[in-house]
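I opened this notebook to record what I looked up in the model. The entries follow in the order in which I made them.

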Amino acid sequence: MNYACGSGADCDSIQPGGPCFQPDTVFAHASYAFNSYWQRTKSAGGSCSFGGTAILVTVDPSEYSITSTPCPVLQ
């Protein structure tokens, strides 16, 4: 997650007080950070493996949000 946030991902939303801070779990924050990194770097050849901790999915993960206001899907 540190790599993603330091290499192109927009991680402001998962900081305390940010719209996507809740749920405050490593899983949720990593998912957001990995997605942000991928969306911002894929056209320049960025990868999405993160040492085997990330996978590409075909469903919108925000549809399964447990928060009352889902985080926006990054495009």
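Which residues form a nonpolar patch on the surface? I found Ile55, Val57 and Val59, with about 300 Å² of accessible area together. Patches here consist of residues with over 30% relative accessible area and no salt bridge, nonpolar side chains being joined within 5 Å; a salt bridge is a side-chain nitrogen of Lys or Arg within 4 Å of a carboxyl oxygen of Asp or Glu. Areas are by the Shrake-Rupley method with a 1.4 Å probe.

I noted the basis of the entries. The model is predicted, with local features needing pLDDT of at least 70 and side-chain atom pairs pLDDT 80 or more, while totals for chains, interfaces and linings use all residues. Residues are numbered from 1 along each chain, and side-chain values use heavy atoms, without hydrogens and water.

I then checked Val59, which is found in the segment after H2. Val59 counts as partly exposed because its relative accessibility is 46% (buried is under 20%, exposed over 50%, partly exposed in between).

I looked up the fold next. The protein chain has two helices and zero strands (DSSP runs: H or I of at least four residues, E of at least two). Pro23 lies in the loop between H1 (2-6) and H2 (26-41), and a cis peptide bond joins Gln22 to Pro23, with omega about 0°.

The largest nonpolar core has twelve residues, among them Cys11, Ala33 and Phe50 (buried nonpolar residues joined through side-chain atoms within 4.5 Å). H2 gives the most to this core, with five residues. Cys11 touches Cys5 and Ala33, leaving aside residues up to four places away in sequence (contact: heavy atoms within 4.5 Å).

Key:
Buried means under 20% relative accessible area, exposed over 50%, partly exposed in between (1.4 Å probe, protein chains only). Patches are made of residues with over 30% relative accessible area and no salt bridge: like charges are joined within 9 Å, nonpolar side chains (Val, Leu, Ile, Met, Phe, Trp, Tyr) within 5 Å.
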